[in-house]
Amino acid sequence: MIDKNHRKLPKYLSHILVSLLSTHLSFLGIAMMAEQAHSAETIHVNLGPVERTISVDDIETFAEEGELPDELKDLNRVLDDEVIQQIRQLLKQPIAVSALEVSQLTYAPLGEDFLERLGTIIQTESGQNGFYALRSAVILASNEPEGFTLINGLHYFPTEGIRINLVAVFEIIRELNTFTNIRDTTLEAIARQSAQEIESSPDIDFSQLPDLQQLGEYAVQKQELILTDESRSSLLNANERQFNVDLYLPNDTSQPVPVIGISHGLGAQRSEFSVLANHLASHGFAVFVPEHVGSNAELGQLIQSGQYFGKPDAIEFIDRPQDISFVLDELERFSQTESDFQNRLDLSQVGIIGHSFGGYTALALAAGEINEDQLGETCSSNTPTLNLSLILQCQAVELPPASINLSDSRISAILALNPVSSAVLGSEGFSQVDVPVMMVQSSQDILTPMVPEQLIPFSWLTTEDKYLVTLVPGGHGSANQAETFEENLANSLLTGPNTDLGSRYTRALSVAFMQRYVSNQSSYASYLNAAYPAYMSQEMLNVNLVTNSIEIPGFSDRPTASLQN
């Protein structure tokens, strides 16, 4: 079945495969109680017309004792021994989750989309998509006393045989190899270009300039607003969209201050940006952070408690940017009617910062419209994808085919942290962005991978002032999580390492970027070149900045959809 001359996969690629499998295992380990029916006894591995049958009992023996069954000896030719042992541990690794949590996730639209894609690889004995069988298996396995494991999942698969589409598996490996090669080659190109830009930059002693990683001169007052938009509905409320907003105001300012909005990501909450918001306010900005009620942490809590079975609704792609515009409208109204706000806010130019889904939110306010054509092309296939963010982006296909202009002319600068945007905005959307943009990407981001979600979209930008910041080795949350999280598999894979350090970089660069383009303080341009991140950068989390698009190796002869899917 496997070519004897086939070389072993590079160790780094093998580890990425294990990481992706771990992520998928974490995703699957969330289901409900049910009654056991059948149990899978064999796994049929198909490679075109060739088939090999493996006993589930042999797989379990391998997991418990570490001895590869005869049918799997060929794995020694392509995988490192260390990786094989990692797979063994993964097979029996328990995930302690409640049956209710698993049920809600696997019946939610994003969970169903994920399982349907996975079902093209893991099929029933008759070769049908394994969607329903997979859902049944994780539901049943999650009710085991030790929690969900892959071994339990195999035993609860409701057909006697499981078919693995090895052609699809090899295609994923090929795409992963392409992704990884392009990413690594591009990281080298970014490092070279950054070094070139440093050499051509003026010689600046940053130790003699204000340290933007430190708090500014202003004390900060925080207050909470509750805003109600009667023109829109919201989660569990068909009559209005009501949401909370944290507002951070610098004290004792002599004139109206510029305004910055921050948009959190999917399943997150506004409090996660308290450190960044307070930092910006101490440097003289008024900062507001809304709670996006249809896609925040509360949605996850409702799903887990069984009070909500849907969404995040596709309408969130519309509501999120409209939340930002509504807050700005209300702040303008308060400035005219409320004494506490009069002469305090300069709303003529506004900066927006967003992370992940919030990065889309920020960019949409400048791009204006969702790219229905790009979505249709990218989301037409339900095959497994290495770009997990597409599972979210493809929800936007459900939007009615009415064009809605989301742009807001008050927005004058955008800082997008690990944004989700390649398919939902597409090249046409990015070409409409005419304000300065700083985009942050992380080399180890497995949720919004840097090649399709930041690197390529950055090349689509035509705005004159654009900056690409890269964190190496950074994860999805390395740029914005100010707290150090518990070291575990989920946090290391999803959030990334050294988030406290990455958050410091973001605070400093956001002050420089917003002072330059929102406050129009030209002196801060000194910080917006490759030399300043190099000055801040530490070995454990390297940060660099370039101001020009990077030539993406292999991109010119590969269609965008191929890199996205």
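**Cavity lining and a helix contact**

Me: How do the residues lining the second largest cavity divide into nonpolar, polar and charged?

Reply: This is a predicted model. The lining consists of Leu415, Leu417, Met438, Val440, Val469, Leu471, Tyr505, Thr506, Leu509, Ser510 and Val543. The division is nine nonpolar, two polar and no charged.

Me: Which element gives the most to the lining of the second largest cavity?

Reply: Strands S10 (411–417), S11 (437–442) and S12 (466–472) and helix H19 (499–517) each give two or more residues. The largest share is four residues, and it comes from H19.

Me: Are H9 and H17 roughly parallel or oblique to each other?

Reply: H9 covers residues 166–200 and H17 residues 450–460. Their axes come within 11 Å and cross at roughly 40°. Angles under 35 degrees would count as roughly parallel. H9 and H17 are therefore oblique.

Me: In which hand does H9 pass H17, and how do the residues of their contact divide?

Reply: The crossing of H9 with H17 is left-handed. From H9 come Phe179, Ile182, Arg183, Thr186, Leu187 and Ile190; they meet Met450, Val451, Pro452 and Leu455 of H17. The contact divides into eight nonpolar, one polar and one charged.

Key
Residues are numbered from 1 along each chain as its sequence is written. This is a predicted model: local features need pLDDT of at least 70, side-chain atom pairs count only at pLDDT 80 or more; totals for chains, interfaces and linings use all residues. Side-chain values use heavy atoms; hydrogens and water are left out. On a 1 Å grid over the protein atoms alone, a cavity is a set of points where a 1.4 Å probe fits but cannot get out, and a pocket is an open set with protein on both sides within 12 Å along at least five of seven lines; lining residues have an atom within 4 Å of a point. Ala, Val, Leu, Ile, Met, Phe, Trp, Tyr, Cys and Pro count as nonpolar, Asp, Glu, Lys and Arg as charged, and the others, Gly among them, as polar. Axes are lines fitted to C-alpha atoms, for helices over the stretch in contact, and angles run from 0 to 180 degrees between N-to-C directions. Angles under 35 degrees count as roughly parallel, over 145 as roughly antiparallel, 65 to 115 as roughly perpendicular and the rest as oblique. A crossing is left-handed if the near helix is turned anticlockwise from the far one by less than a right angle, and right-handed if clockwise. Contact means heavy atoms within 4.5 Å.
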